[in-house]
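Please look through the structure shown below, and then follow the paragraphs that come after, which go from one part of the chain to another.

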Amino acid sequence: MCRRERRPQRAVVLLEGLIRRFPGNYLLPMELAQMYSDLGNKEKALAPLRQLERQKRSGASGFAQLRMEKIYYAEGTIEFWYNDLDTALANMKQATSAARNWT
């Protein structure tokens, strides 16, 4: 609701609480990244995605279903929004490289 109402700061507060409550839900940090991006803070926007990447690579509980390509896509999207085009392109290439193998 906060996203629809264009209240990203309120959404950040709610999402941070939900992430503490449900640490295995990878969708929440992805939303948090979008909200920080809406607030104009690229580094804070990328931080939850980088944390997700670390959790995925470490085999943390709840992250087996998360595809790395989804993280790369989210990072690439934010980098594109901030005109960091070379890095965005690299992430998008990683996101799409495995697409041929999906069933």
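Arginine 6 counts as exposed because its relative accessibility is 73%, and the cut-off for that word is a value over 50%. In this predicted model, arginine 6 is placed in the segment before helix H1, which covers residues 8-21. Its backbone is worth a look as well, since most residues other than glycine have a negative phi. Arginine 6, although it is not a glycine, has a positive phi of about 55 degrees.

A second residue of this kind is asparagine 83, which is not a glycine and has a positive phi near 60 degrees. Asparagine 83 is found in the loop between H4 and H5, and with a relative accessibility of 58% it counts as exposed.

Is asparagine 91 buried or exposed? Asparagine 91, which belongs to helix H5 (residues 85-97), has a relative accessibility of 8% and therefore counts as buried, the cut-off here being under 20%. Leaving aside residues up to four places away in sequence, asparagine 91 touches Tyr72, Glu75, Gly76 and Glu79. With one of these, glutamate 75, the separation can be given in two ways: asparagine 91 and glutamate 75 are 16 residues apart in sequence, and their C-alpha atoms are 6.7 Å apart in space.

Turn now to helix H2, residues 27-38. At 1.5 Å a residue, the 12 residues of H2 should span 16 Å, and the end C-alpha atoms of H2 are 17 Å apart, which agrees. The buried residues of H2 are Leu28, Pro29, Met30, Leu32, Ala33, Met35, Tyr36 and Ser37, and these buried residues pack against H1, helix H3 (42-58) and H4. After H2 comes glycine 40, whose phi is positive, near 85 degrees.

The lining is made up of Leu27, Met30, Glu31, Ala33, Gln34, Leu49, Lys70, Tyr73, Ala74, Thr77, Ile78 and Trp81. Sorted by class, the residues that line the largest pocket are eight nonpolar, two polar and two charged. Met30 and Ala33 are among the lining residues, and both are also among the buried residues of H2.

Notes:
Residues are numbered from 1 along each chain as its sequence is written. This is a predicted model: local features need pLDDT of at least 70, side-chain atom pairs count only at pLDDT 80 or more; totals for chains, interfaces and linings use all residues. Side-chain values use heavy atoms; hydrogens and water are left out. On a 1 Å grid over the protein atoms alone, a cavity is a set of points where a 1.4 Å probe fits but cannot get out, and a pocket is an open set with protein on both sides within 12 Å along at least five of seven lines; lining residues have an atom within 4 Å of a point. Helices (H or I, at least four residues) and strands (E, at least two) are DSSP runs, numbered from the N terminus. Ala, Val, Leu, Ile, Met, Phe, Trp, Tyr, Cys and Pro count as nonpolar, Asp, Glu, Lys and Arg as charged, and the others, Gly among them, as polar. Buried means under 20% relative accessible area, exposed over 50%, partly exposed in between (1.4 Å probe, protein chains only). Contact means heavy atoms within 4.5 Å. The expected span of a helix is 1.5 Å times one less than its number of residues.
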